[in-house]
Structure formats: C-alpha cells, structure tokens
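Keep the sequence and the 3D view open as you go.

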Amino acid sequence: MTGFSVSLFVSNLSNVASYLSPIFESIPSTKVVPAQIEKVVSLVSRTGRDLQRYDNSGYRQVVGCVPYRFKKQEVNGIESQEIEVLLVSAQKSKGMLFPKGGWETDESMEEAALRETIEEAGVTGELGEKLGRWQYKSKRHSIIHDGYMFALLVSQEFELWPEAEIRERRWVSLDEAREVCQNWWMREALEAFINLKCLTNDGN
C-alpha cells in the first residue's frame, strides 16, 4: 500500500469515526454490546489440550454436568413436577452421555463445567452441588481420568451451539437416563443426583 493510500485510508477512517461518535454517545450506558460479544465468545469451542489439567499422578482432570429441568404434569387433577435430565450423543458411538470435558489450567472447576456444558449440550444455567469424583480409564488412550460432575439447573437452551453438528441432545426422564446413559461412572453420578434432588429434599 502506498503512502498516499495509507493517508487516504486513515483520513476516511477518521471521518467515519467522527460520524459514528454521536451515535455511540446516544446509546444508553448499559452493557448491551459487551454482553452480546461475551455471548458469542462463550459459544465458541476450545480446541487442543495445551492447557489440559493433570494431577500429580498424571490423571487427566475432567468435569461435567447433569443438566436438569422441572417439567410440570397433571395426573388426576393433581399438578406435580417431574425432573428431566439432558443427555447428548457420544462422538465415537451411538451411546448417550452427560456433557463433560477437560478442565483447563486457566479456569476454575466450575467455569470448566459450565463451558463444557455449553459446548456439548448448548445449555447453561445455575450450577449447583458437586455430585462427586470418579476415576475411569479412557477407551481411546488408556489414560486414567478424574471425573467431577455437578448438578446444573438449566435456565437457557441455545438453538445453535459449538457441537450442534456432531451431537444430538435429548431431554429424558430419570428412568430413561438410567437405561441409555453409556458410561458406568455417569450412571453413578446420576444416582448421586437423584439421591440429592429427589430423596433428600423432593427436588426443592
């Protein structure tokens, strides 16, 4: 680019900025634009394992959620609420799973759980109790993992999410989740969730 072209470009850019300045000043001082940007950024999947967290034994640290919601139903004139949980399809098989993924070094465990749930299932909400910790071996890499799971009360379900093209998601009853959930340790996490939400306080 020649010196004249650069000068002309800068001059035009300055004129555009001068034109737009009053418009920006007239926008109420809310965080509309930053919130939109934050939403877009949060819906982009992380890739690679450069920041993957391991413990002192070399076990990969994995976190995930049991996303749930309350579905109202009426039987014989009596209204009640049934808990449904959200499962996603596995990438390498036909099984169904709860969303989970690697916990990375630049985020807290809770942040990782929310991020992975958005990336794989396209939902977010209020993160609740930690359900426990499980150790399991990866089928593909024969690496021991520490898996941590949280309860997540879903408040927002996105129509588009990072892994929408490679995963299906399905809301199911607790009984169906017991049947179709592929991993033994996730079924145990589901039982921990049921004990917490259904047996101790009736879901409240």
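Rings of Phe, Tyr and Trp, the last by its six-membered ring, pair if their centres lie within 6.5 Å. The model you see is predicted.

**Exercise 1. Aromatic pairs**

Task: how many aromatic pairs does the structure hold, and what geometry do the rings of Tyr68 and Phe70 have?

Solution. 
- Step 1: The count for the structure is five aromatic pairs.
- Step 2: For Tyr68 and Phe70, the ring centres are 5.8 Å apart and the planes stand at 85°.
- Step 3: Planes over 60 degrees apart count as edge-to-face, so Tyr68 and Phe70 make an edge-to-face pair.
- Step 4: Now look at the exposure of each partner. Tyr68 is buried at 5% relative accessibility, while Phe70, with 30%, is partly exposed.
- Step 5: Tyr68 and Phe70 also belong to one aromatic cluster together with Phe193.

**Exercise 2. A pair between distant parts of the chain**

Task: which parts of the chain does the pair of Trp103 and Tyr148 link, and are Trp103 and Tyr148 buried or exposed?

Solution. 
- Step 1: Start with the geometry. Trp103 and Tyr148 are 6.5 Å apart centre to centre, with 85° between the planes, and form an edge-to-face pair.
- Step 2: Trp103 sits in the loop between strand 4 (100–102) and helix 3 (109–121), and Tyr148 is in strand 6 (residues 144–157).
- Step 3: The two are 45 residues apart, and the pair links distant parts of the chain.
- Step 4: Buried means under 20% relative accessible area. Trp103, at 13%, is therefore buried, and so is Tyr148, at 12%.

**Exercise 3. A charge over a ring**

Solution. 
- Step 1: Find the face of the Trp161 ring; Arg169 lies over it.
- Step 2: The distance from the ring centre is 3.9 Å.

**Exercise 4. Cysteines**

Task: how many disulfides are there, and are Cys65 and Cys181 buried or exposed?

Solution. 
- Step 1: The rule asks for a pair of cysteine sulfur atoms within 2.5 Å, and by this rule the count is zero disulfides.
- Step 2: Cys65 has a relative accessible area of 0% and is buried.
- Step 3: Cys181 is buried too, at 3%.

**Exercise 5. An exposed loop residue**

Task: where does Asp50 lie, and how far apart are Asp50 and Glu104 in sequence and in space?

Solution. 
- Step 1: Asp50 is in the loop between helix 2 (32–42) and strand 1 (60–75).
- Step 2: With a relative accessible area of 78%, Asp50 is exposed.
- Step 3: Asp50 and Glu104 are 54 residues apart in sequence and 8.6 Å apart in space, C-alpha to C-alpha.

Conventions. Residues numbered from 1 in each chain as written. Predicted model: local features only at pLDDT ≥ 70, side-chain atom pairs only at ≥ 80, totals over all residues. Heavy atoms only, no water. Buried < 20%, exposed > 50% of the residue type's maximum accessible area, 1.4 Å probe, protein only. Phe/Tyr/Trp six-rings, centres within 6.5 Å; stacked < 30°, edge-to-face > 60°. Helix = DSSP H or I, 4+ residues; strand = E, 2+ residues; numbered from the N terminus. Lys NZ or Arg CZ within 6 Å of the ring centre and 35° of its normal.
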